Amino acid sequence: MNPMNADTGRQLIAIEPSHRWVVLGRTLHAASEQADRVLDQEAIAWRQIGSTCLGRGLYRHGSIFRGQSDAAVWSHAEFTYFRDFIPGDVIDHLVRSPPVPGVKLLRAEILLTTPGSFVFPTNWRGSSHRPDRRPSIEYLDVHPSRLADYRDIMHRYIGPAAAKLVAMGTLGTFRSMETAAVLLQDPSLGATWNQIHLSEVVAEGFRGFGEEIDAALRETVPKGGFTDVFAGLNDMRTIPRWTLNVPVFEDDAAVGEWARPRK
């Protein structure tokens, strides 16, 4: 876990290959306002989830920014972060046990943080105090034969460029995660993916990361920048859905704190 110094002097933490967090991701749908409230209350009540848990975030769907899937919209996405492993009782409670009444678990997956592409500022305290920001959740499906190439591009180019944007405050965090195992997928979901990117963006006028990432990439990939790097990405992945969301519950500051170098 290496500190990444930025031009602004703000210290960042990047999760490196030998220190990859394990993440339990859940895709949920609350069928009513009452179910929505019960789900929110459960997330707040179940704060401590085993000794290896670093934090949790629950996000309510706001709008679709981009999509290549006709799947119905799900109402919530949830990510719970762990050191090393996810305790069995957590899997029992969040995956195997019936969800709260009126809530349907559409997908449960174990994700690993993508090397060099999971970036937190050391003073991260969530995005709820920034009403202009919305959590952006990008669902991507990379062709299995190209996963190694995709990971290399993320590690060498996209992660470092995103780190510059986090240091500048353009993004709150940049969390690239890859699916290691799908524990459950409801046939009605109608969409699949093997990568998730979570970040916090200024929602008004948001047009994606093109211009900002391009400027950051030009410092490390001068010829072509964004165009050359993303031309390679476009050949290996699709984006079934990209959503802007509302933070319901954020208790994930410890992810950045744990990554801080110990003296």
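Tyr-59 counts as buried because its relative accessibility is 0%, where buried means under 20% relative accessible area, exposed over 50% and partly exposed in between, with a 1.4 Å probe and protein chains only. Phe-79, at 2% relative accessibility, likewise counts as buried. The structure is a predicted model, in which local features need pLDDT of at least 70 and side-chain atom pairs count only at pLDDT 80 or more, while totals for chains, interfaces and linings use all residues. Residues are numbered from 1 along each chain as its sequence is written, and side-chain values use heavy atoms, with hydrogens and water left out.

The mean pLDDT (the predictor's confidence in each residue, from 0 to 100) of the protein chain is 84, and 86% of its residues reach 70 or more. Over residues 1-9 pLDDT stays under 50, and for this stretch the model has 24 contacts beyond four places in sequence, a contact meaning heavy atoms within 4.5 Å.

Rings of Phe, Tyr and Trp (its six-membered ring) pair if their centres lie within 6.5 Å, and planes under 30 degrees apart count as stacked, over 60 as edge-to-face and the rest as tilted; by this rule the count comes to 10 aromatic pairs. The pair of Tyr-59 and Phe-79 is tilted, because the ring centres are 6.3 Å apart and the planes stand at 50 degrees. This pair links distant parts of the chain, with Tyr-59 in strand 4 (residues 53-67) and Phe-79 in strand 5 (residues 76-82), 20 residues apart; helices (H or I, at least four residues) and strands (E, at least two) are DSSP runs, numbered from the N terminus. Phe-206 and Trp-242 form an edge-to-face pair, at 6.0 Å centre to centre and 75 degrees between the planes, and both residues are buried. Tyr-81, Phe-118, Phe-120 and Trp-124 form one aromatic cluster.

Salt bridges, defined by a side-chain nitrogen of Lys or Arg within 4 Å of a carboxyl oxygen of Asp or Glu, number 13. Asp-36 and Arg-60 meet in one of them (3.0 Å, N to O), linking helix 1 (residues 33-45) to strand 4 across 24 residues. Asp-36 is buried, with a relative accessible area of 16%, whereas Arg-60, at 25% relative accessibility, counts as partly exposed. Arg-175 forms a salt bridge with Glu-200, the closest N and O atoms being 3.4 Å apart, and another with Asp-252, for which the corresponding distance is 3.0 Å.
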